[in-house]
Amino acid sequence: MTNMELEKLVRPNILALEPYSCARNEFSGVASVWLDANESPFNAPYNRYPDPLQLEVKERLSHLKGVPAESIFLGNGSDECIDLMYRIFCRPGIDNVVAMSPSYGMYEVCASVNDVEYRKVSLNDDFSINFDAMLAAADECTKVMWICSPNNPTGTAASIDDLLDFSKRVNCILVIDEAYIDFSSKGSMLAVLPQMPNVVVMQTLSKAWGSAGVRMGMAFACPAIVSLMNNVKYPYNVNILTQRYALEQLGKSDEIKAHVVTLLEQRELLKQQLAALPCVKKIHPTDANFVLVETVDADGIYNYLLDQGVVVRNRNRVEMCLGCLRITVGLPEENLTLINCLKNYGK
Ligand SMILES: *Cc1c(COP(=O)(O)O)cnc(C)c1O
């Protein structure tokens, strides 16, 4: 996609936007006396505004992910990155987006908030993506397509080749949400990011990195898209505590990898044990840290588990997920508690 093609997708008011220039934008060098931002001189280091572009965190991420820092955007969770896609590309009341369905609920909520039509395209029966139907659902007002791989709540992941191929066929921004990519056998699209100028890859610290409470989401895209995201975001969207914590956490990638290995082992064990239960009808294949399980009575089992103090996600009312519970892989003893409860279901 050329800059001209990108500009056609951007809302005219965003293209014309004169971004807010905060004190730390106007001077970010080294100084000994800071009297430019009306901060208090007391309570260091929290008295100072954080780096609006989070450069230290991006440097570390750049090394970790093999993506240049200017291709990285950081947000207050992926949820901020998701909302920004609508605010940058979709004219309220005019434009639309196309999304695979079922998938992550926030895409649709943010569409509603921004008054943008949300066109759902059902997955194939095996939960693979119906790429042709997604293309067929698009028109000249389609600005963004949503793909989640591995997908929440189905757990299914698409191959790099299929997604790369699809990115070349779409005439708009393609978001690929990789919140669960660390658990997947399929590999991240970041490896081919330079070949996909219209793609925004989203990841998060909330899942494999074990830091959902800290709120940091990442978007990877060509520098032109990242720059639009920087212009539209709140100036200090990632606070100083989150930036410091993220720097520390990103230094522990070996520890995180070990946790992922443990969770994958537990996932396989959980699948085996679930498969042996009479109340389980089907276990869907998964590339994530959860399993979508078709049961004989999702509402009944969900409420029974609640009574036992075990909370899973009831997906019974979600398209294509009739009878299904989504179960997150926990600690070995937590998974065991779940299995023991389910063994007693109906007794
Ligand atoms: C959990 C999840 C996220 C993470 O959102 P954060 O705002 O970063 O916590 C993003 N996308 C999907 C599909 C998810 O399931």
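1. Let's start with a loop: Asn 38 lies between helix 3 and helix 4. Helices here are DSSP runs of H or I with at least four residues, strands are runs of E with at least two, and both are numbered from the N terminus. Asn 38 is not a glycine, yet its phi is positive, at about 55 degrees. Most residues other than glycine have a negative phi, and most peptide bonds are trans.

2. A word on what you're looking at: this is a predicted model, where local features need pLDDT of at least 70, side-chain atom pairs count only at pLDDT 80 or more, and totals for chains, interfaces and linings use all residues. Residues are numbered from 1 along each chain as its sequence is written, and side-chain values use heavy atoms, with hydrogens and water left out.

3. Which peptide bonds are cis? One runs from Ala 44 to Pro 45, with omega near 0 degrees. Pro 45 is in the loop between helix 3 (23-26) and helix 4 (55-65). Another cis bond links Asn 152 to Pro 153, with omega near 15 degrees, and Pro 153 falls in the loop between strand 4 (142-148) and helix 8 (160-169).

4. Now the ligand. It has 14 residues around it, and the closest are Tyr 180, Thr 204, Ser 206, Lys 207 and Arg 215; "around" asks for a heavy atom within 4 Å. This shell splits into 5 nonpolar, 5 polar and 4 charged residues, with Ala, Val, Leu, Ile, Met, Phe, Trp, Tyr, Cys and Pro taken as nonpolar, Asp, Glu, Lys and Arg as charged, and the others, Gly among them, as polar.

5. Asn 152 turns up again here: an N or O atom of its side chain is 2.9 Å from a ligand oxygen. Another N or O atom, in the side chain of Asp 177, is 2.7 Å from a ligand nitrogen. A polar backbone atom of Asp 79 is 3.1 Å from an oxygen of the ligand. The protein covers 94% of the 390 Å² of accessible area that the ligand has on its own (Shrake-Rupley method, 1.4 Å probe).

6. Finally, the sheet: 4 strands form an open, antiparallel one in the order 8-9-11-10, where pairing takes at least two DSSP bridges. Strand 8 (280-283) and strand 10 (313-314) are at the edges with a single partner strand each, so one side of each has no neighbour in the sheet. Strand 8 is joined to strand 9 (residues 290-295) by 3 bridges, and a hairpin connects the two through 6 residues. Lys 282 has Glu 294 in strand 9 as its bridge partner.

Methods. Polar contact = N/O pair within 3.5 Å; in protein donor to acceptor, adjacent residues only side chain to side chain.
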